[in-house]
Amino acid sequence: MNRLFSALILLLLIALPAISGGSYYTNLASQILIAAIFAMSLNLLVGYAGLTSLGHAGYLGLAAYISSWLMVKWGWSHTSSAALAIVSTTAIAGIFGLIALRATGISFLMITLAFGQILWGLAYRWASVTGGDNGISGLTRPSPFGIDLGEANNFYYFTLMVFILVWVVIAIFIHSPFGATIRGTKDQPRRMSALGFNVWFIRWITFTACGFFGSIGGILYVYYHQFISPHSLSLANSAEMLLMVIAGGAGTLAGPVIGAALVLLLKNVASQYIDHWVTLLGLVFILIVMFIPGGIVAGLERIKNSLSSSK
Amino acid sequence: MSFWLIQSLNSLALGGVLFTLAAGFSLIFGLMRIANLSHGAYFMLGAYVGLSVVEAGYSFFLAMLASIITIGLLGVIVERVILRRLAGNSLSQVLATLGIAFVIADCSLWFWGGDPRPVSAPSFLAGGVEMLGLTFPIYRIAVVVCSMVVALGLWALLEKTKLGVMIRASVDDRQMAQGIGVPATRLFSIVFCLGAALAGLGGIVAAPILSVYPGLDADMLPLALVVVILGGLGSLAGAFIGSFLIGFIYSFGQVLFPDLAYIILFLPMLIILAVRPRGLFGKITA
């Protein structure tokens with residue numbers, strides 16, 4: 001049943017450009033997949049390790065700025081610039097983790113928020129390197145094996161491949177024995193510690209992995225938009241990613257993906273009618289936190305359970 | 001020499017503004033164990049409300065009063081309607097305050113527009129005083145004085161009144177305080193209202209220096225975070241020292257290293273976190 005369902009979804013995703021009827025929806029689907037990669041990576045920290053971060057857009061910014069800078073200013077190739085951007089973003093995540101994991105809970109959230117703002121401040125104020133408010137443009141999409149990713153459908157399939165790869169790797173990571181220890185540090189850090197696990201180290205690995213997968217999303221993001229500006233690193237963007245995770249269901253594999261789709265669809269539909277997407281984002285945030293704190297996946301399961309138990 | 005003196009006054013003024021902002025943030029955290037992420041938005045809204053009162057032709061003092069009352073009331077509503085329903089789940093409360101911050105920021109943009117709006121200082125505080133052959137702007141001196149009054153008032157409230165005793169007891173050990181009959185939920189309302197009102201006051205007092213613009217909230221919130229992480233959460237003395245420390249670092253940083261001022265600002269926070277995670281004066285680890 002579950003396998004059949006996944007196969008159906010996969011078929012639907014592959015057939016999407018053919019049935020969507022136009023590049024607008026194909027592009028929207030690419031954006032959703034990219035957002036889903038951010039949400040899945042953030043979910044490692046928020047859902048599995050129980051550490052709520054408000055600085056995830058920082059990784060988007062780091063990976064996007066580093067790769068654009070290498071390509072536009074130094075003329076590096078797509079492959080080498082992307083590789084160095086991912087490696088250095090992961091390394092920076094590792095260093096941030098050393099400091100942020102001095103705390104947990106609300107303090108951890110405040111420190112990650114501060115990190116996000118440092119990176120935003122760098123992008124915004126260090127204009128000689130980052131171009132300030134104007135950002136960096138002039139980037140091109142790669143064309144692996146001669147396939148031009150400038151074309152909407154090709155880019156969609158490229159993004160879909162990366163998305164599936166990230167999904168599979170994260171699924172393996174989460175279901176591995178190490179994944180079980182991550183969940184252990186969330187629920188029972190003291191017992192885990194007493195059992196001889198190094199709770200700090202497990203969290204640090206998760207924190208760094210979160211940055212690694214986030215940087216992959218950042219590369220796709222900058223390829224999609226071919227432009228990066230401080231706006232993409234804003235607190236609102238980090239909060240949007242967190243909303244995707246929480247709305248969909250933190251600590252589940254599919255939840256963040258569903259959340260990403262919902263948030264982006266809502267944003268696209270709403271922006272046709274109102275100018276004030278941010279007000280709506282805030283209201284949705286408050287409502288979800290107040291009424292379905294477990295997220296939509298958990299909410300649906302609760303409904304399903306109550307239906308089957310009433311039979 | 002003149003550069004250092006003038007910049008020192010600017011630093012003191014910024015420190016004073018930061019203290020009005022961070023004191024409430026720190027108290028709310030100490031008592032309710034939540035980081036109020038809408039604090040920057042209260043600050044900005046206070047400035048905007050004051051701006052409208054001043055532009056309507058009323059005096060600056062009336063503007064201050066209007067900001068304090070409006071934002072204080074808003075604080076009560078937020079605490080009663082939203083935060084109280086999420087009692088016991090501090091993460092949800094923090095995320096709700098973030099949602100509130102977005103709503104306030106976006107609605108302010110809607111209402112007051114996207115351009116930076118200058119606010120003029122009251123006329124008798126305009127101009128400068130001559131000292132040591134230098135001209136110091138009077139308004140900045142007045143800001144420092146105003147923040148000292150706030151600090152003294154808060155100190156007296158916390159140390160000399162029964163309400164203050166109850167707040168301090170709840171910060172130190174909430175369960176024990178509740179056990180001996182301290183009305184925790186009423187304290188939450190009072191402190192949240194007080195903190196919000198102070199943020200609103202900070203906003204209007206800072207407006208003639210910083211002016212009001214969309215994004216002021218996002219500029220101020222990280223400063224408040226740095227101050228309280230540095231000084232220690234829930235500690236008034238910590239907020240005081242932290243505010244003036246950050247005031248000096250930020251003001252001098254902006255002049256000496258304009259590109260990197262924002263980063264220099266966060267360095268002391270990182271050092272403190274590495275060496276003493278609970279902050280200089282903090283008792284709580286969250």
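Two residues are taken to be in contact if their C-beta atoms, placed from the backbone, lie within 7 Å. With that in hand, the place to start in this predicted model is where the two chains meet. Here 33 residues of chain A are in contact with 36 residues of chain B. On the chain A side, the elements that put in two or more residues are α5 (105-125), α11 (235-248) and α13 (277-291). Helix α5(A) gives the largest share, with 13 residues. Sorted by class, this side of chain A comes out at 22 nonpolar, nine polar and two charged residues.

Now for chain A as a whole. It holds 14 helices and two strands. Its radius of gyration is 19 Å, close to the 19 Å that the globule rule gives for 311 residues, so chain A is as compact as a globular protein of that length. The C-alpha trace of chain A spans about 60 × 45 × 40 Å along its principal axes. Some 46% of the 311 residues of chain A count as buried. As for contacts in chain A between residues at least 6 apart in sequence, 76% of them join residues at least 24 apart.

One residue to look at inside chain A is A:Asn43, which sits in helix α2 (residues 23-48). A:Asn43 counts as buried because it has 31 other C-beta atoms within 10 Å, where 20 or more are needed. Setting aside residues up to four places away in sequence, A:Asn43 touches A:Tyr48, A:Val245, A:Ala250 and A:Pro256. A:Thr181 lies 138 residues from A:Asn43 along the chain, and the C-alpha atoms of the two are separated by 16 Å.

The largest nonpolar core has 193 residues, and A:Ala39 and B:Val226 are the ones with the most contacts inside it. Helix α8 (residues 184-210) of chain B supplies the largest share of this core, 16 residues. Leaving out neighbours within four places in sequence, B:Val226 is in contact with A:Ala114 from chain A, and with B:Ile246, B:Leu265, B:Phe266 and B:Met269 from chain B.

Last, the strands of chain B. Strand β1 (residues 128-131) and strand β2 (residues 134-137) of chain B pair in the antiparallel sense, over four bridges. B:Met131 has B:Leu134, in β2(B), as its bridge partner. Together β1(B) and β2(B) make a hairpin with two residues between them, and B:Leu132 in the turn has a positive phi of about 50 degrees.

Terms used. Residues numbered from 1 in each chain as written. Chains lettered and ligands numbered in written order. Predicted model: local features only at pLDDT ≥ 70, side-chain atom pairs only at ≥ 80, totals over all residues. Buried ≥ 20, exposed ≤ 12 C-beta atoms within 10 Å, placed from the backbone. Nonpolar A, V, L, I, M, F, W, Y, C, P; charged D, E, K, R; others polar. Pairing = 2+ DSSP bridges. Core = buried A, V, L, I, M, F, W, Y, C linked by C-beta atoms within 7 Å. Rg over C-alpha atoms; globule rule 2.2 N^0.38 Å.
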